[in-house]
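Student: Could you show me how to read the strands, the aromatic rings and the core of a model like this one?

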Amino acid sequence: MPRRKLEEVVDGIYMEPAPLTLGDEVRLKYLGKLAAAGADRIYLRAGYGFEGWTDVQDIKMKKGRDGGWSTSLVVNDPTRLNFCFHDGADHWDNNLGRNWSYEIHNGELND
């Protein structure tokens with residue numbers, strides 16, 4: 001099956017698929033303020049949970065020809081995916097301290 005085009009979910013952040021289902025491989029592309037500032041590297045900081053973050057990881061993103069930064073991860077927790085971005089030099093894009101969060105669906109259809 002061909003990959004779908006990434007959709008812009010908020011300014012400068014593209015994601016596919018949406019909504020998220022447990023087990024999905026999520027592709028993210030970042031064209032936010034760190035990319036616009038010319039960062040040499042960008043990391044996706046991702047974790048799961050509703051209150052605090054668990055299974056927190058920093059994933060190095062790959063720079064594309066268009067100046068955007070991309071990576072992917074597999075959703076392996078049934079709660080909520082939380083993420084933000086940093087350049088490894090203590091410069092963050094974290095949605096003004098709110099980060100970005102997406103509920104994880106279990107894949108069942110509701111009537």
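Tutor: We will go through the sheet, then the rings, then the core.

Tutor: This is a predicted model, in which local features need pLDDT of at least 70 and side-chain atom pairs count only at pLDDT 80 or more, while totals for chains, interfaces and linings use all residues. Residues are numbered from 1 along each chain as its sequence is written, and side-chain values use heavy atoms, with hydrogens and water left out.

Student: Let's start with the sheet. What is the order of the strands in the open sheet?

Tutor: First the general idea: strands are DSSP runs of E with at least two residues, helices are runs of H or I with at least four, and both are numbered from the N terminus. Two strands pair if DSSP finds at least two bridges between them. Here, five strands form an open sheet in the order β1-β2-β4-β8-β7, with antiparallel pairing. At the edges sit β1 (7-10) and β7 (62-63), each of which pairs on one side only.

Student: How many bridges join β4 to β8, and how many pair β7 with β8?

Tutor: Between β4 and β8, which run antiparallel, there are six bridges; Val26 has Leu73 in β8 as its bridge partner. β7 and β8 (residues 69-74) are also antiparallel, over two bridges, and Lys63 stands opposite Trp69. These two strands make a hairpin with five residues between them, and Gly67 in the turn has a positive phi of about 90 degrees.

Student: Now the rings. How many aromatic pairs are there in the whole structure?

Tutor: Rings of Phe, Tyr and Trp (its six-membered ring) pair if their centres lie within 6.5 Å; planes under 30 degrees apart count as stacked, over 60 as edge-to-face and the rest as tilted. The search finds five pairs. One of them is Tyr30 with Phe85, stacked at 4.1 Å centre to centre with 25 degrees between the planes. Tyr30 lies in β4 (residues 25-30) and Phe85 in β9, so this pair ties together parts that are 55 residues apart in sequence. Phe83 and Phe85 form an edge-to-face pair, at 5.8 Å centre to centre and 75 degrees between the planes. Ring pairs link Tyr30, Phe83, Phe85, Trp100 and Tyr102 into a cluster.

Student: And which residues touch the most other members of the largest nonpolar core?

Tutor: Nonpolar side chains in soluble globular proteins tend to be buried together. A nonpolar core is a set of buried Ala, Val, Leu, Ile, Met, Phe, Trp, Tyr and Cys residues joined through side-chain atoms within 4.5 Å. The largest one here has 24 residues, and those touching the most other members are Tyr30, Ile42, Leu44, Leu73, Leu81, Phe83 and Phe85. β9 gives the most to this core, with four residues.

Student: Is Leu81 buried or exposed, and what is it in contact with?

Tutor: Leu81, in β9 (residues 80-86), is buried, with a relative accessible area of 0%. Contact means heavy atoms within 4.5 Å. Leaving aside neighbours within four places in sequence, the contacts of Leu81 include Leu20, Tyr48, Leu73 and Trp100. The C-alpha atoms of Leu81 and Trp100 are 8.1 Å apart, although 19 residues separate them along the chain.

Technical notes:
Buried means under 20% relative accessible area, exposed over 50%, partly exposed in between (1.4 Å probe, protein chains only).
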